[in-house]
Amino acid sequence: MNVSRYDLEATTNKARTLHPVEIIEVSCVIIHSATATIKASYQSFVRPTEHPRLDPFVIELCGIQQSQVDGAPLLADVLQQQHDWLQQQGVLDEGVSCIPVTWTEWDFKVGLSSVCQWMQTYTCRISCMTA
């Protein structure tokens with residue numbers, strides 16, 4: 001069995017009044033649960049479009065610099081790249097178990113879900129998280 005450990009970072013400000021929130025980094029580590037070994041890792045910054053300038057609060061909070069997101073791909077492209085990467089790793093193969101986990105429920109239930117609702121142009125799917 002595999003575990004896919006996700007971490008999403010998003011735009012924000014100290015007052016938490018920035019809307020819409022945009023994902024600015026997608027990271028995933030695939031862990032073989034029986035051996036607790038890391039099989040592979042994926043990371044990509046994401047270029048925000050609604051609020052392209054990062055607030056100083058998010059730079060301090062996440063350590064992500066403006067230059068890292070300026071030339072990054074858009075979210076739909078990053079999610080497709082990440083899906084393709086999971087396929088290459090074999091974790092989407094028939095009969096392979098993969099359980100998605102995150103630091104908090106914000107990543108999938110709030111962050112990714114709300115961003116994809118706002119975008120309305122991409123059917124969001126982080127592979128292995130269809131539960």
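Colleague: What should I know before reading the values?
Modeller: This is a predicted model, in which local features need pLDDT of at least 70 and side-chain atom pairs count only at pLDDT 80 or more, while totals for chains, interfaces and linings use all residues. Residues are numbered from 1 along each chain as its sequence is written, and side-chain values use heavy atoms, with hydrogens and water left out.

Colleague: How many disulfides are there?
Modeller: There are zero disulfides, where a disulfide is a pair of cysteine sulfur atoms within 2.5 Å.

Colleague: Is Cys28 buried or exposed?
Modeller: Cys28 is buried, at 1% relative accessibility. Buried means under 20% relative accessible area, exposed over 50%, and partly exposed in between (1.4 Å probe, protein chains only). Cys62, at 24%, is partly exposed.

Colleague: Which residue is the bridge partner of Cys28 in strand 3?
Modeller: That partner is Tyr42. Strand 2 (residues 23-32) and strand 3 (residues 37-45) pair in the antiparallel sense over eight bridges. Two strands pair if DSSP finds at least two bridges between them; helices (H or I, at least four residues) and strands (E, at least two) are DSSP runs, numbered from the N terminus.

Colleague: Changing topic, where does Phe108 lie?
Modeller: Phe108 lies in helix 4 (residues 106-119) and is buried, with a relative accessible area of 15%. Phe108 and Leu8 are 100 residues apart in sequence, and their C-alpha atoms are 8.6 Å apart in space.
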